[in-house]
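Please keep the sequence and the model in view while reading the points, which are grouped by topic.

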Amino acid sequence: MSDKVILSVEHLKTYFDVTPGMFSKKKIVKAVDDVSFDVYEGETFGLVGESGCGKSSLGRTLVKIYEPVEGKITFDGSDISKLKGKELAGFRKEMQMIFQDPYASLDPRMTVGEIVKEPMDIHNLYATEEEKRDKVVELIKTVGLKPDHIRRYPHEFSGGQRQRIGIARTLALNPKFIVCDEPISALDVSIQAQIINLLEKIQRERGISYLFIAHDLSMVKHISDRIGVMYMGHMVECGSSDEVYRNPHHPYTKALLSAIPIPDPDVAKKRTRIMLQGEIPSPINPPVCCPFCTRCQYATDRCRKEMPQMKQVENSQVACFLYE
Amino acid sequence: MEKVLEISHLNTEFTTEQGIVKAVRDVSFDLYKGEILGIVGESGSGKSVTMYSLMGLLPANGKVVSGQVKMNGKDISRTSFENDKQYDEMMTKVRGKDIGMIFQDPMTFLNPVLRIETQLVEPLVNHTNMSRSEAHARAIELLKLVGIPSPETRIRQYPHQFSGGMRQRIVIAIALACNPGIIIADEPTTALDVTIQAQILELISELMDKGNMSVIMITHDLGVVASMCDRIAIMYGGKIVEIGSDREIFYDAKHPYTKGLLRCVTDPEKDDVELEPIPGTPPDLLHPPLGCPFVDRCSEAMKICKVKMPPTEKFSDTHSACCWCHQKEKLGHV
Amino acid sequence: MNEEKNPVSAETETIDPAMFEPLDDSEKNAEFIAVESRTFMRDAWNSFKKNKLALVSLFFLIFMILMAIFVPIISPFTYDGQDMSIANQNPTWTHPFGTDKFGRDILVRVMYGARISLSVGFAAAGICMVIGIIYGGIAGYVGGRLDMIMMRVVDILYAVPNLLYTILIMLVFGSNMFSVLLGVCISSWIGMARLVRTQVMSLKEQEFSLAALVLGASKQRILFKHLIVNSIGPIIVSLTMMVPSAIFRESFLGFVGIGISAPMSSWGTLANEARNMIYTYPIQLVWPVGAICLTMLALNFLGDGLGEALDPKKR
């Protein structure tokens with residue numbers, strides 16, 4: 001990990017128009033609302049939150065699947081939020097994505113060899129077919145599969161093996177940055193550790209930076225150097241993973257941490273969990289106030305009227321009025 | 001302790017286009033009154049199929065080949081009935097009344113076009129001799145029990161008007177409707193967020209304290225098992241490879257798979273330790289290995305493991321595992 | 001202590017100690033895949049073979065096509081060779097289907113009709129498929145306003161009774177193969193376009209097409225290499241259903257008298273000619289009508305069989 005910022009996100013907003021018909025009242029889902037953070041070269045930035053908090057939308061905005069409404073994304077010194085055409089294609093080589101569902105992220109009608117070779121075809125990376133084939137075999141071996149697997153189709157593999165094929169495909173482009181969109185949540189426990197170790201090994205060897213999106217806090221803590229906690233499209237807390245874990249500030253982070261099941265019966269059975277009361281508000285046309293105020297036990301009138309901004313609290317950044 | 005459910009030598013097979021899949025192989029365990037038994041395993045380990053087999057809910061291509069299921073001493077195994085019709089008639093009375101079920105995805109269990117009221121009142125009227133108005137009162141009481149605010153108005157609503165966590169509460173209310181002695185929960189919190197999962201787990205423990213229930217909880221999450229279960233069975237490749245009390249499994253695991261599984265999970269309380277994944281992928285039950293199903297991924301594998309199924313070794317009254325390594329120790333070939 | 005509680009069983013005692021040697025890593029098969037590697041088409045063919053009715057239909061169609069090609073070549077008679085001396089004969093060894101009112105051999109005429117009917121059917125289906133895939137693919141992939149406009153155009157085309165403009169086309173271009181094809185195709189591609197559009201719309205949200213986008217694939221590449229290839233199953237099924245409807249449409253045009261003109265014949269025109277003789281020589285109607293019915297049935301069974309074999313949900 002170095003001090004060089006490779007990705008800088010400033011006031012990013014991604015909205016979706018979910019208005020059902022032409023004549024209905026406009027309905028906007030603010031999937032990502034005013035999020036800012038930096039990722040340093042060679043580090044893993046973990047992004048956690050529950051389903052619907054906008055963490056996947058944020059990841060997809062960064063790799064330009066979705067267009068941001070507002071805000072600036074600076075990658076390796078250049079603004080990428082407005083890229084088009086050839087420049088966009090060049091950027092795609094630098095930043096890649098690993099998807100959540102290993103059953104849906106590989107084209108079922110292509111062999112493993114064709115899948116891994118596709119990025120090389122798209123970007124004309126190697127001169128001859130032989131070179132491409134050698135590279136495919138090398139990548140397949142890197143992710144721990146056998147070279148004779150390249151003739152097979154994705155449906156013949158297990159979930160963990162497919163996820164490794166997906167990783168091989170992203171590595172074909174030699175990216176500097178990979179967005180990992182819940183890469184382990186669909187996998188079994190014993191396989192999750194395989195993928196985590198593989199990702200860590202690749203990071204050590206190639207110095208790639210990761211944005212690691214997950215809802216499983218314990219795995220995120222393990223792999224990440226720094227963690228951002230998201231809730232309803234906002235980032236509510238951000239800091240080093242030890243700091244966020246050992247010394248959480250935001251009431252939501254506290255509740256989230258106390259809810260993680262701990263695989264140790266003596267600890268788990270004695271622990272008291274913070275139980276959140278109240279309903280999760282609808283993400284459509286949300287009011288301007290603290291998004292967590294409906295479930296927060298410390299909520300005051302100010303929380304229901306004003307939006308808290310990110311402030312430095314001890315070693316973390318927290319968006320909560322409790323710390324003002 | 002009183003046994004409420006006894007399962008012995010259960011075998012279940014599926015007929016597929018590629019051949020016969022032996023999904024459950026010689027599974028035996030007991031459920032005692034008032035306990036939570038956790039069944040842990042990866043996908044395809046046969047944990048859900050075991051439950052579907054004993055509930056008579058297998059899909060058309062699945063079949064219980066042999067084995068016995070006894071509920072409070074009464075034989076409810078498929079193999080002791082002449083035909084499917086008799087078995088189904090008997091099981092229809094058992095399901096919901098004696099054994100309640102909680103499923104992973106509440107949306108597939110709840111009927112989207114029926115009001116919550118109908119779905120709660122129906123089993124009450126069918127299984128007990130309650131009148132409709134009595135059943136309605138009981139339904140509101142149940143919704144209160146599972147923590148649904150203003151049940152009098154919400155009972156008139158449809159499933160889609162509830163959030164995921166609330167839906168799972170309704171499913172639990174339906175499972176509890178007839179006061180069953182046994183609840184089978186198949187991954188009850190997998191589809192939910194962690195904060196909601198904590199609420200549901202809390203609810204299940206509260207209900208356990210109130211009633212004299214026994215629960216079988218199927219899950220892949222070792223954290224959930226650690227915080228909820230009294231006893232734990234570990235399944236792999238269609239077999240129970242280790243069974244024991246929570247402390248025996250977590251602090252004194254005997255089977256290499258259990259040990260490996262515990263090394264794969266991170267305990268966020270502790271400092272970072274390198275994860276030690278189990279290499280390889282689970283066996284294909286279409287062509288299960290002759291010997292131990294774990295042989296191809298096991299770090300302690302021996303030649304015998306490949307050809308012969310290991311015998312079960314008892315370590316205490318509650319703790320047993322099947323692995324050749326324990327036989328090896330005894331024979332002294334170290 | 002354990003020793004006392006669980007004595008080593010006699011069976012275990014007899015095991016060769018060598019069996020307790022550690023297993024070498026090379027003997028383990030940790031990344032083993034038990035499933036036999038099969039391509040999608042092989043898989044589909046295997047399950048198609050199990051449907052006997054569809055298999056029989058496939059052979060019948062192949063037989064029909066071979067007959068249509070070779071009977072007019074081999075037979076000593078031609079489709080327009082008149083011989084009034086043998087008019088309206090019942091089936092004989094020289095004329096297996098008999099002769100018509102001009103003494104023309106009915107077998108040759110039916111097989112010649114098969115050439116026209118089948119080629120109209122397959123050509124129309126092929127043209128509709130190409131247009132439908134391109135139109136539906138673009139509408140589905142681009143989406144938004146363009147999709148809205150493209151689909152409203154289709155709706156308008158669909159709303160006009162198609163017999164109306166078929167007759168208009170016939171009047172303008174005359175009764176030939178081109179105008180028949182145009183008349184049949186002008187509305188049949190709509191179904192294909194709608195099908196492809198829905199397929200593409202659902203597939204483009206799948207992670208594999210997002211993955212291709214992130215990898216930098218162009219829009220054309222994603223559409224044709226990923227989305228269309230993955231909708232090939234439903235496309236083939238709809239294609240096999242489109243062939244009989246095109247044949248039927250062509251026969252109908254022939255039957256009402258605006259199809260291919262005499263002395264050339266399609267099944268429809270043959271049926272129309274035989275209709276005049278229905279009270280005197282009903283056997284003459286049996287051949288063209290039988291050919292239409294059997295071909296339609298075979299194509300429908302084939303479509304059903306393919307539908308089942310190519311259904312991705314089944315696996």
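Two strands pair if DSSP finds at least two bridges between them. Helices (H or I, at least four residues) and strands (E, at least two) are DSSP runs, numbered from the N terminus. The structure is a predicted model, in which local features need pLDDT of at least 70 and side-chain atom pairs count only at pLDDT 80 or more, while totals for chains, interfaces and linings use all residues. Residues are numbered from 1 along each chain as its sequence is written, and chains are lettered from A and ligands numbered from 1 in the order in which they are written.

**Strand 9 of chain A**

- Strand 9 (residues 226-231) of chain A pairs with strand 10 (residues 234-240) of chain A in the antiparallel sense, over six bridges.
- In this pairing, V229(A) stands opposite E237(A).
- The two strands form a hairpin with two residues between them, and M232(A) in the turn has a positive phi of about 50 degrees.
- Strand 9 of chain A also runs parallel to strand 3 (residues 44-48) of chain A, to which four bridges join it; here G228(A) is the bridge partner of L47(A).
- Six of the six residues of strand 9 of chain A are buried (a residue is buried if 20 or more other C-beta atoms lie within 10 Å of its own, with C-beta atoms placed from the backbone).
- Both faces of the strand are covered, with R226(A), G228(A) and M230(A) on one side and I227(A), V229(A) and Y231(A) on the other.

**Sheet and helix in chain B**

- Chain B has an open sheet of four strands in the order 2-1-4-5, with antiparallel pairing.
- Its edge strands, strand 2 (19-32) and strand 5 (74-75) of chain B, each pair on one side only.
- Eight bridges link strand 1 (residues 3-16) and strand 4 (residues 62-71) of chain B, and T12(B) has V64(B) as its bridge partner in strand 4.
- In helix 1 (residues 47-55) of chain B, the buried residues include V49(B) and L54(B).
- Helix 1 of chain B is followed by G56(B), whose phi is positive, near 70 degrees.

**Nonpolar cores**

- A nonpolar core is a set of buried Ala, Val, Leu, Ile, Met, Phe, Trp, Tyr and Cys residues joined through C-beta atoms within 7 Å.
- The largest nonpolar core has 228 residues, of which L211(A), F212(A), V229(A) and I234(B) touch the most other members.
- Apart from it lies another core, of 18 residues, among them A68(C), I106(C), F255(C) and I292(C).

**Contacts between chains**

- Two residues are in contact if their C-beta atoms, placed from the backbone, lie within 7 Å.
- By this criterion, 37 residues of chain A are in contact with 35 residues of chain B.
- Helix 6 of chain A gives the largest share of the side of chain A that touches chain B, namely seven residues.
- That side divides into 19 nonpolar, 11 polar and seven charged residues (Ala, Val, Leu, Ile, Met, Phe, Trp, Tyr, Cys and Pro count as nonpolar, Asp, Glu, Lys and Arg as charged, and the others, Gly among them, as polar).
- Chain C has 18 residues in contact with 25 residues of chain A.
- On the side of chain C that touches chain A, helix 9 (207-215) and helix 10 (219-230) of chain C each supply at least two residues, and helix 9 gives the most, with seven.
- The residues on this side of chain C comprise 11 nonpolar, five polar and two charged.

Terms used: A residue is buried if 20 or more other C-beta atoms lie within 10 Å of its own, exposed if 12 or fewer, and partly exposed in between; C-beta atoms are placed from the backbone.
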